[in-house]
Amino acid sequence: PLVSMKEMLITAKEKSYGVGQFNLNNLEFTQAILQAAEEEKSPVILGVSEGAARYMGGFKAVVAMVKGLMEEYGTTVPVAIHLDHGSSFEKCVEAIHAGFTSVMIDGSHYPLEENIALTKKVVEVAHTLGVSVEAELGRIGGQEDDLIVDDADAAYAIPSECDQLIRETNVDCFAPALGSVHGPYKGEPNLGFDRMEEISTLTDVPLVLHGGTGIPTKDIKKAISFGTAKINVNTENQITSAAAVRKALEEDPNMVDPRKYLGPAREAIKQTVIGKMREFGSSNQA
Ligand code: G3H
Ligand code: ZN
């Protein structure tokens with residue numbers, strides 16, 4: 001069934017595993033992720049950025065596609081449709097009205113008080129409708145769609161500010177920027193585990209790790225042990241699916257049927273997602 005992230009993440013934190021947020025880019029991504037979740041008996045979060053929603057035809061088109069596939073597949077595992085890095089109150093409300101069960105309001109580029117005020121406003125609307133909310137503090141580096149943060153602007157979240165934002169806004173989960181990056185890492189990631197541990201002692205709210213692509217398993221385990229219950233992955237599925245398309249087209253230069261090159265891409269995404277669900281420990285938890 002379609003659900004918010006709230007219960008999913010509370011349970012994940014209690015039982016010490018992570019639920020993956022896998023971003024949608026098109027039909028094949030959606031099919032692959034839903035199939036992987038059902039096969040693995042894993043809860044799953046479908047992440048939709050504003051740019052990806054635009055590409056797929058808008059929030060309503062995304063919700064209709066997800067609902068249609070879940071019905072055809074007979075999906076039994078919990079699925080959340082989550083707005084990833086929502087840029088404004090208006091965009092969050094638009095997604096909620098279209099049927100999203102969860103939204104992120106990314107006010108991380110605003111001063112603390114403004115971020116809190118904005119997040120609070122989104123929570124008020126969302127919670128009346130049973131929709132969960134994620135907030136962010138600090139700035140996650142790298143690029144995702146329209147969201148570009150230079151190295152110099154990437155900033156680590158401050159634990160006391162995180163505590164204040166969580167208490168004043170009543171968010172359901174919280175993403176402290178602690179050195180993770182959108183897209184591939186330059187060298188080994190260097191995550192701020194000291195601060196993550198500190199934040200986890202200040203709050204019961206499940207934490208979110210963005211930039212999941214390229215984080216070694218030992219760091220994933222460590223993050224989960226410090227209260228991380230949601231891990232976002234996008235680029236890795238883009239890398240494996242692009243490689244599958246390239247291979248199929250190179251092997252047969254006459255190939256034109258999209259089903260013949262996007263089918264292997266879908267399979268590559270499915271296998272990648274299955275691997276992540278096992279790594280995060282969410283398999284057989286639904
Ligand atoms: O919000 C989405 C994620 O943080 C994805 O990060 O593309 O580096 O896996 P990634
Ligand atoms: Zn992100």
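Mentor: First, a definition: a residue is near a molecule if its C-beta atom, placed from the backbone, lies within 6 Å of it. This is a predicted model, in which local features need pLDDT of at least 70 and side-chain atom pairs count only at pLDDT 80 or more, while totals for chains, interfaces and linings use all residues. Residues are numbered from 1 along each chain as its sequence is written, and chains are lettered from A and ligands numbered from 1 in the order in which they are written.

Trainee: How many residues surround ligand 1?
Mentor: There are 16, and the closest are His 210, Thr 213, Asn 232, Asn 234 and Thr 235.

Trainee: Which elements give two or more residues to that shell?
Mentor: They are β3 (79–86), β11 (228–233) and α10 (235–251). Helices (H or I, at least four residues) and strands (E, at least two) are DSSP runs, numbered from the N terminus.

Trainee: What does UniProt list for "binding site"?
Mentor: The unreviewed entry lists His 85, His 182 and His 210; such annotations may be inferred rather than shown by experiment. These residues span 126 residues in sequence, yet no two of their C-alpha atoms are more than 11.8 Å apart, so they gather at one spot.

Trainee: In which strand is His 85 found?
Mentor: His 85 belongs to strand β3.
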